[in-house]
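This report examines selected backbone features and strand pairings. The sequence and the structure are shown first.

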Amino acid sequence: MRRANRLVGRTLAELAKHIKPGVTTLQLDKIAGEFIRDNGAIPTFLNFPNPYGNPFPANICTSVNDFVVHGIPNDKTVLREGDIISIDCGTLLDGFNGDSCYTFCVGEVKPEVKKLLVTTYEALYKAIDVAVAGNHVGDIGSTVQDFCESAGYGVVRELTGHGIGRKMHEDPMVPNYGRRGNGTMLKESMCIAIEPMITMGDRAIQLDADRWSVRTRDGKPAAHYEHTIVIRRGKSEILSSFDEIESVVGKLN
């Protein structure tokens, strides 16, 4: 699990070198696919099924601006100065899955958009702080919800984090809202992916005709950060990493 998740972080760091105005999301997808395979892994998302029977047609999810998650890379979506792009990446390495997401700035973004990113990023780490053995899934969700809603943002309800291991999605579901002390108890050595999906405006979302891409209904931006962690007593271990990403783009602040 450590190796698979570290590879996800390295893949996102490789993509960070290419995120700039004029680049298409399909170009990023090709870079990711080659990098993952060159490192002996399989892109988990490629051909991943959804409930509608549509296999995901790309190596990574590229969600630009008002897209929350599952944006499909293509040659028509060209990054522009001031955009944000959430790149969700999964790898299958030696039978185990890695999963992480980072929202990148394309050049200089508006201060109010940067604030959304910083708040979502901070919410992820606050949630990880309470994701320890003996606490509950509701402690994670409540932490994200309270922190983000108090800042005036929407918290997406329909999409959640999840358990992860030999399968990409395992029990339990890990919502970004809830009540403390409720839900599945977190046990030592359990692996979960925590992933706040936060909107600048209303939390309402809609599914595009491709049956994958999810965007905000009001057209306002959304941010998405994700780490895979292993539950420990006292302090959990983060298996994925943003360190190499931030060596390229700098620390988000």
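## Backbone features and strand pairing

Arginine 211 is placed in the loop between β11 (205-207) and β12 (214-216). The model is predicted, and in it arginine 211 adopts a positive phi of about 65° although this residue is not a glycine. Another non-glycine residue, asparagine 47, has a positive phi of about 70°; asparagine 47 belongs to the loop between β1 (42-43) and β2 (60-64).

How is each of these residues classed by accessibility? Arginine 211 counts as partly exposed because its relative accessibility is 38%, a value that lies between the limits of 20% and 50%. Asparagine 47 counts as exposed because its relative accessibility is 53%, which is over 50%.

| Residue | Phi | Relative accessibility |
|---|---|---|
| Asparagine 47 | about 70° | 53% |
| Arginine 211 | about 65° | 38% |

A further backbone feature is the cis peptide bond between aspartate 171 and proline 172, with omega about 0°. Proline 172 is found in strand β8 (residues 170-174).

Strand β9 (residues 191-194) directs Cys191 and Ala193 one way and Ile192 and Ile194 the other way. In a regular strand, side chains alternate between the two faces of the sheet. All four of these β9 residues are buried.

Which strands pair with β9? Strand β7 (residues 161-163) pairs with β9 in the antiparallel sense over two bridges, and alanine 193 in β9 is the bridge partner of histidine 162. Strand β14 (residues 227-230) and β9 also pair in the antiparallel sense, over four bridges. There, histidine 227 in β14 is the bridge partner of isoleucine 194.

Terms used: Residues numbered from 1 in each chain as written. Predicted model: local features only at pLDDT ≥ 70, side-chain atom pairs only at ≥ 80, totals over all residues. Heavy atoms only, no water. Buried < 20%, exposed > 50% of the residue type's maximum accessible area, 1.4 Å probe, protein only. Pairing = 2+ DSSP bridges.
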